[in-house]
Every structure is written in structure tokens, then in C-alpha cells.
Amino acid sequence: AMDHLQNETGYERAARIDLEYDFLDNNWLQDVKFGLRATDRSENDMSTPYNWGVLSDTWASVDTPTGFSNLNDTLTNFSTLYSFANFFRGKVNIPSPMWFPSNALVMDYANAHQNLAPASISWGWSPVQVNQGDYNEQGQRTKTAYGVLFFGNDTALGVPFDGNLGVRLIRTDTSADGYVQLPNLTSTGVPDAEKAIWNGSYQPFSTSNHYYDALPSLNLTFHLTDDLQWRLAASKAMSRPDFSQLEPLVQLGYTLNSDNTQVVQWNGYAGNPDLKPMRATQYDSALEWYFSKTGMLYTTMFYKDLHNY
């Protein structure tokens, strides 16, 4: 058996306003667009590990003519007969019909262990238990202002060109609530003073963070001929870590010496709610030749400088 419990809820609320102004009869400026956007995102997750456990000794021999045992012998009220039609196109012979768990068993998770326990080995599966470390609550708020100016001229530089210049200003606020799970040394041979500290308990912790980003961009296109154009671009970009990387959970573990009386190494797993976004400064260039109405040949070059990977 392998059970898993999961309940996750997420929301994002966003508000945005955009404005545009056109420059009429201007040899250089075409139009400008700008706006504001705010978001409020939250996520509340509960997710347990996948809880695999054996129900019976699958290696034990079964003394029946077919080599199979009937589930009905041990789960009389929670089994049902089922026949396979043309199993592997009839090339594999199996007993038919066969006993399988009934809907009354598999649909009643709360009582599944109670019904399976009499037929299970003593150290087998038991239902997964939700603990504090299975909860993860995070929030993210953003405030953004942005604008872009479009321009161009057909004669000033000897060839027609156009482009745009923009910037995006962002403030990001994050919050996270989770737990630190201490290792449990109570059943080991370490001193009692250490057992009192390392008792497997959960310690809550909360954290918040904020950061700013200014993301400018410039795009230019030079129309060298009717069929040939050259593009240039420069910009800054950012990508926030997702909530799984920001998970506010710390699980500590240990390795003992040979006689189990002293910790010789500590280890652990943790998300990091204070991770910064990955940021990039990037430059691009492209030469494009449209040699027919249905064909083109182009070459590109780019350079990216990444931070906070």
C-alpha cells in the first residue's frame, strides 16, 4: 500500500492600468505606453511524503493448486471477483475470475488500516500521519511601474530605423511560514542532556524578504535594404525562484558513531525563503535577409551575464 495526502490552495489577485499617448506629426517619436500593476499571491500547501508499506510477505510460498491465494479468505467482506477479458490478447494465462479489493475497502481510507490490519504482517503499512513539517504557507506581493517609448526615423542615420526604449521598476515582497524539524535522538545512546534537546520536535519560524529590480531594455532595427535588416537589443531580466525552492522547511538529520553514543556528522535538507531572483544582463544582435516572399536567412549572436543562479 502507498498513501499520500495533499491539499493545496493558491490565489493571485492582480490590478493593472495602462495608458498610451501618440505623438502626432513628429519626425522621431511615435508613441509612449506606460502603466502600473500590483499583485498579491498566496499559497497554502499540505503535502505528506508517499507512504509505502508492505501488507503481506510477497516472497512467502502459497500452497494452492494455482499458486495464488484468495483475497476473500482474509478480507471476506472487502473483496470482489473480477474477470480479465483477453488478458495480454490471450497470450498470458491467469486464473479467472480473481479476487480484488472492493470499492468498500479502497474508497474508505479512514477505515482501511482497521480492515487490513488482521491480514497484514505486524510491521507492515499503516496510514500516513500529517505532521507540522507537511505544511507550507507562502505569500508574494509585487508593485510594478513600467513604460516604453517607440521612435524611428527614415533619413537621419542614412537608413530607415525604428526601435523602442523601456524600463520596468519592480518591488517584490515575500513571506513564508514553516517549521524546523529537529532530529530525534531519544532512542539512541547519547547523553540525556542531548536527548532533551534533540527530541524530534518541530520549531516554527517565519521570515520575510523584499528586493527591488530596475529592468531597462533597448531594441533597434535598421532597415539596410528592402530585404535586409539588422536588429540590436540590450536588456536586463529577472526570474523569481518558485515556491518549491522557497519552501520554509528545515529537516535536520545525523550520523552516529559505531556504538550509537555520539553524533559524528550532522546533515539536513532545507528550502531557502531568502533566495534572490536570478538576474541577467543580455545583449542580442541579428542580421535577417528576406530573399523571397516565403524564405529567409538569418544569423544571430547573443551574450548573457547571469547572477544568483
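Which residues do ring pairs link into a cluster? In this predicted model, residues are numbered from 1 along each chain as its sequence is written, local features need pLDDT of at least 70, side-chain atom pairs count only at pLDDT 80 or more, and totals for chains, interfaces and linings use all residues. Side-chain values use heavy atoms, with hydrogens and water left out. The cluster consists of W28, F151, F161, F222 and W230.

The structure holds 14 aromatic pairs, where rings of Phe, Tyr and Trp (its six-membered ring) pair if their centres lie within 6.5 Å, and planes under 30 degrees apart count as stacked, over 60 as edge-to-face and the rest as tilted. One of these is the edge-to-face pair of F84 and F100, at 5.8 Å centre to centre and with 70° between the planes. F84 belongs to the loop between β5 (79-82) and β6 (98-101), and F100 to strand β6, 16 residues apart; strands (E, at least two residues) and helices (H or I, at least four) are DSSP runs, numbered from the N terminus. F84 is partly exposed because its relative accessibility is 34%, the class between buried (under 20% relative accessible area) and exposed (over 50%), for a 1.4 Å probe and protein chains only. F100 is likewise partly exposed, at 29%.

The ring centres of W198 and W266 are 4.9 Å apart with planes at 50°, so this pair is tilted. W198 sits in the loop between α3 (192-197) and β9 (202-223) and W266 in strand β12 (residues 263-270), so the pair ties together parts 68 residues apart in sequence.

Charges also meet rings: R41 lies over the face of F243, 4.1 Å from the ring centre, by the criterion that NZ of Lys or CZ of Arg is within 6 Å of the ring centre and within 35 degrees of the ring normal.
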